[in-house]
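Let's take a tour of the charged side chains in this protein. Have a look at the sequence and the model first.

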Amino acid sequence: MPSYQAEYSVDEQAAIDKEFTRLANNKSIYLDHAGTTLYAESQVAAAAEQLQRDVICNPHTCRLTGDYVDQVRYKVLEFFNTNEQDYHVIFTANATAALSLVAENFDFGTSGNFHYCQENHTSVLGMRERVQPRAIYMLKEEQISGRGAASVASVNGSSKPAASLDNSLVTFSAQCNFSGYKMPLEAIAGIQQHGLPHGPGKRIYGEAGVADPSHDNNFYVCLDAASFVATNPLDLQRYQPDYVCFSFYKIFGYPTGVGALLVSRRGAEAFGKRRFFGGGTINYAYPHAMDHQLREVFHQRYEDGTLPFLSIVGLLEGFRTLERLVPRSKRDGGGVATMERISRHVHGLAQYVEQQLRELKHPNGQHLIELYNRVGYEERSRQGGIVAFNVRTDTGAFVGFGEVACVAALQGILLRTGCFCNIGACQRYLQLDDALMDAIYKRAGRICGDYFDLIDGQPTGAVRVSFGYMTRREDVDELLKMLRLSYLATRPQQRLQLIEQQADELPKALKERAQRRPQLLQLAIYPVKSCAALKIEGGGANWPLTAQGLQYDREWMIVDMNGMAITQKRCTELCLIKPHIWDDQLVLQFGDSSSTVSLPLSLSDQAENSSRCRSKVCRQPVEGLDCGDEVAQWLSGYLGMEGLRLLRQSSRRSSPSGEQQQQLSLVNQAQFLLVNRSSVRSLLFEESLDETVDRFRANIIIDTGTAFEELSYKQLTIGQVQFQVEGPCQRCDMICINQRTGERSPETLTTISRLQSGKMRFGIYISRISTANSKDQLTCGDVVLVT
């Protein structure tokens, strides 16, 4: 078994454990320190005592509060091994607000560009909306760190002489909050002195094909340090980014609502004229004229309004608590400071967990865990206290991260799943190309923070565990125990049943995930064969069933003067005839026009004034009732074909084959056609998913999360209704017609053929298994069970 060397002494560990007794009291294992670390009990008690003891009020009024705030500024600079001669401290609401401040105020000039790393927090991507550069570029990590040791030299607060007065800004994270990978901070000096070593990156915004003069610009670095500084020392004497953004709750757990932007003297020179000022940032502002004057002190110009002074004062106790619980040690022959020790501690835990996870295997030798990291866990300078992974079955299939979150929560283990507000890292580690990204977010409708964890069997996110100074080895052993018991010693069906049985104990979002089974999403009734659908959707919406299928489905059809059925293969405009059912009438509407025609829904009412006629569907004779001259003339006028008639089925028709004879409406082959949205999603068409689904003209729409899973079904139950699978639907070129416009796109059939090795199967025909209950109905939201 891999060894684990404790960073803390027995007495130090006991003192730390005493501060977090609430975890044991609540039977919780906390493993999401990258989200936020936890506050010590004595820390908040001391902060509360100070609030009760001192008169702390608006610093514009109270000198004591102002002194406290200044003291915190000094402590922040000391924490990062720098001073007020080299860096300004601007208090913000959090790291995101600090990034926003840089984006709003950085002066790009006329040819400056904004560059950011793909593996960045969403807040860095948000900077794109506020910066005003010539162009915006995305960089791969290798394009930032590529110079490596060649860029070790420090700029010591100054840059090389610039050939222009324009500035470019490069933003990246010191530590990836997805994987824990640490960016080589030596790259900072190299970028400031020499620019980007491997070109500007992928252009995201800006006019293409124009010569880019930005290589002559001054280059500035904005370091998103929120993840890094929570458990690592950042030495601003050694590394000197122009801007450093972070949140204090990541370091101390308490208080929230306060972060900081550190601005170097060099960085301050690149801030342009402010486009906004608030109270406290000005010497004066005239209401009667466009005239104002900002404060002389740099940080005062950017701290709009009253500072969160109570939170800022509380930071002093945060610093004291860290230094008290993790004191400087004499290890390795010299003084090891607090944050250095914390860095050792969390890296040691991550290294231990990673080694243990690699040992977990199914009986057939298949690895249980798929790990996501860049350089492994050997070097602390390159890897922090974060481990990201997914779980696999003994066949190699992925287990959804939402399921893992449910299992962990029921064991009292608090961890994080998804993309962790870092979609770029998710894209890189899960190897999602641009088309798959569109499939996940634009077409499947996944959003940040949800539990839509698998698409076509591939993960859309991961499981992340991360460690803080108070995390114990026993905590991570509980995680390992949970994975062994739940995924190596328990059968999948048994595990899912246990999750469902205990779903009420889960948070709301996880409860929904625990109870997620394929559901009936939508019903579509096609009253007139080959015309548009009448859609039934939304939770609780229902529709009755008859012996022939869905009530009114394919009960009418249009025939030509020779009595032959008209389909979209012959007249694509049929898809523009929209059916509505109002009261006791079937109302037909052409496109978005106001012209309509009505028919009685009652078959007996229809029969009173109708003549009988015959036609054929799939070579079978069909007896019907002619629906009259008014609707016939309306159809002929809008479809541009003379002699059209509308027929309504008047006699029973049975399926021509199959073990059990089924009564059919004017359908081609079976009572119902079922389509799986996951299968449709896999086609990756350049249109909305709903448009593509419409092409297949199915009655029943479900979403299983796995493409073409439905092709293996034999029987299924939807709600209380049982169905027999009759076989796959062999598609024709009718699916090449966009059902909203009538336009043809032949690539639809080509794509299906390619995905299925030349076969043209898509969707399955199903028939209702006979039942004595004639009042059955299907309801949107009904669970789909495969039997």
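Are Asp776 and Arg768 buried or exposed?

## A pair on the inside

Both residues are buried: Asp776 is, and so is Arg768. One thing to keep in mind as you look around is that this is a predicted model.

These two side chains also form a salt bridge, and their closest N and O atoms sit 2.7 Å apart. That is within the 4 Å cut-off, so the pair counts as a salt bridge.

## The bigger tally

How many salt bridges does the structure hold? The count comes to 41. Some of them share partners, and in this way Glu119, Glu141, Glu142, Arg374 and Arg428 are joined into one network.

## Strand to strand

Now find Arg392 and Glu370, which make a salt bridge with 3.2 Å between the closest N and O atoms. This pair ties together distant parts of the chain: Arg392 belongs to strand S13 (residues 386–392) and Glu370 to strand S12 (residues 369–372), with the two residues 22 residues apart.

Why does Arg392 count as buried? Its relative accessible area is 17%, and buried means under 20%. Glu370 comes out as partly exposed because its relative accessibility is 29%.

## Helix to strand

Asp629 and Arg645 meet in a salt bridge too, at 3.0 Å from N to O. Here the link runs between distant parts of the chain, from Asp629 in helix H20 (residues 629–639) to Arg645 in strand S30 (residues 645–649), and the two are 16 residues apart.

Asp629 has a relative accessibility of 47%, so it counts as partly exposed. Arg645, at 24%, counts as partly exposed as well.

Technical notes
Residues are numbered from 1 along each chain as its sequence is written. This is a predicted model: local features need pLDDT of at least 70, side-chain atom pairs count only at pLDDT 80 or more; totals for chains, interfaces and linings use all residues. Side-chain values use heavy atoms; hydrogens and water are left out. Helices (H or I, at least four residues) and strands (E, at least two) are DSSP runs, numbered from the N terminus. Buried means under 20% relative accessible area, exposed over 50%, partly exposed in between (1.4 Å probe, protein chains only).
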